[in-house]
Amino acid sequence: MKGITLTAAKLERPAVVQETLRVFDVCEGCRRCFNLCPSFHTLFDRIDARDSDVKRLTPADYEQVADECYYCKLCYNHCPYTPPHQYEIDFPRLMIAWKKLLAQERRVPWRDWLLVRTDWLGTVGTTFAPIMNRMLRARWLRALLHRFWEIHRDRWLLTFQRETFPRWLARTRPTRPEPSLASVDRSAQVALFSTCLVDYHEGEIGRATLAVLEKNQVRVVRPEQQCCGMPFFEMGDIAAILKKAQFNLNALKPWVQRGYDVVVPSPSCSLMLKREYPHLLPTEDCRLVAERTFDVCEYLMKLKKAGKLKTDFVSSPGKIAYHIPCHLRDQNIGFKSKELMELTGATVEVVERCSGHDGIWSVKNEFFEMSMTIAGKAVRDLEAAQPDIVVSDCPLAALQLTQAGGRSVGHPIQVIRQAYGV
């Protein structure tokens, strides 16, 4: 972006509007992203209604385009004008600038403030898991949340685990001394960034990740960590993201310096470590951690390339419809999960469509129906493959696709664990 720094203490509306007009003018002439998300539908409809003159757009137009952006980042890789092109178009981060500006100018809803605090919600939710899960299924409570907090009554929500993944790990894998340099292959050591989704909600993904890594004789540690900060993009709260980033970098850096790779089973969180942290916090420590961070399937294919991945699979899952999440596509690493699952003998068909969940965006009353329309398109493509199973690397996408399609959606690492028979 030109003339805007997201990490600035405060953004000025004239500067944001000036950059917006520049970017929108380029988008109006290109329109390559016309079918990617609601933001572009609204943008081009508004421009057409004003005789293709972006200067006639109103503040309400800008705000609606920003509100409908859920930071999937598909447009960034789709755009021919991103840096180092002289136009320097970065539409997703422009939308974050608007979210930050609007948070300055109007009250942030209590709903949004609460929902992005995943560590706090996870701690409370798992402490009282049976009660919380029962209450969140109660129609009377969901009706109240729908009316007063504007959390849609029909939105499926993640359930809380009675035992968090870190507690399970501490119980089943007691702390062991660090092996000596002479006794271990240092290319097979991992610091697991398990993510709040796994820690509080989807522990089975964490357990499958650990089982597969241990099957391949990879030493695994889990450093202390916090939420990656991705949810705070919803409000443009860059200060909160930087605080999370600094904590996580301080926790991961010592392990990276000792030769460990960072492995992440959720693509939004690996995207934060790889690309968002270095953009917002361009330090040497950040660059060091980013360079050694891998999505879990990307890491396993790295072992395969080095001749260290065990391929003694005992079963094949058949035909798989694989939904590749937006935040994994943005990492530009190819189709590592597909390649990994194919090693089991499976036939894998890739579906490149957004699920429409996108953090807390689809939880809101105003966007739930829109999110389900988006999910419906992905479900149709998945079912057209006539698969035996459906998988996605993103737990939130899996929840969304399960609700929209009625078929349970798993994670690729669970497929690999089952194929190993461990």
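D51 lies in the loop between helix 2 and helix 3, where helices are DSSP runs of H or I with at least four residues, numbered from the N terminus. The model is predicted, and local features need pLDDT of at least 70, side-chain atom pairs count only at pLDDT 80 or more, while totals for chains, interfaces and linings use all residues. Residues are numbered from 1 along each chain as its sequence is written, and side-chain values use heavy atoms, without hydrogens and water.

Most residues other than glycine have a negative phi, and most peptide bonds are trans. D51, although not a glycine, has a positive phi of about 55 degrees, and R31 has one of about 60 degrees. D51 is exposed at 60% relative accessibility, whereas R31 is partly exposed at 24% (buried is under 20% relative accessible area, exposed over 50%, partly exposed in between, with a 1.4 Å probe and protein chains only). A cis peptide bond, with omega about 15 degrees, joins P83 and P84.

Helix 1 (residues 13-30) and helix 3 (residues 59-67) pack at about 75 degrees, their axes 12 Å apart; axes are lines fitted to C-alpha atoms over the stretch in contact, and angles run from 0 to 180 degrees between N-to-C directions. Helix 1 is therefore roughly perpendicular to helix 3, a label for angles of 65 to 115 degrees.

What about disulfides, pairs of cysteine sulfur atoms within 2.5 Å? The whole structure has zero. The sulfur of C269 is 3.8 Å from its closest cysteine sulfur, in C228, so it is too far for a bond.

Notes: A disulfide is a pair of cysteine sulfur atoms within 2.5 Å. Helices (H or I, at least four residues) and strands (E, at least two) are DSSP runs, numbered from the N terminus. Angles under 35 degrees count as roughly parallel, over 145 as roughly antiparallel, 65 to 115 as roughly perpendicular and the rest as oblique.
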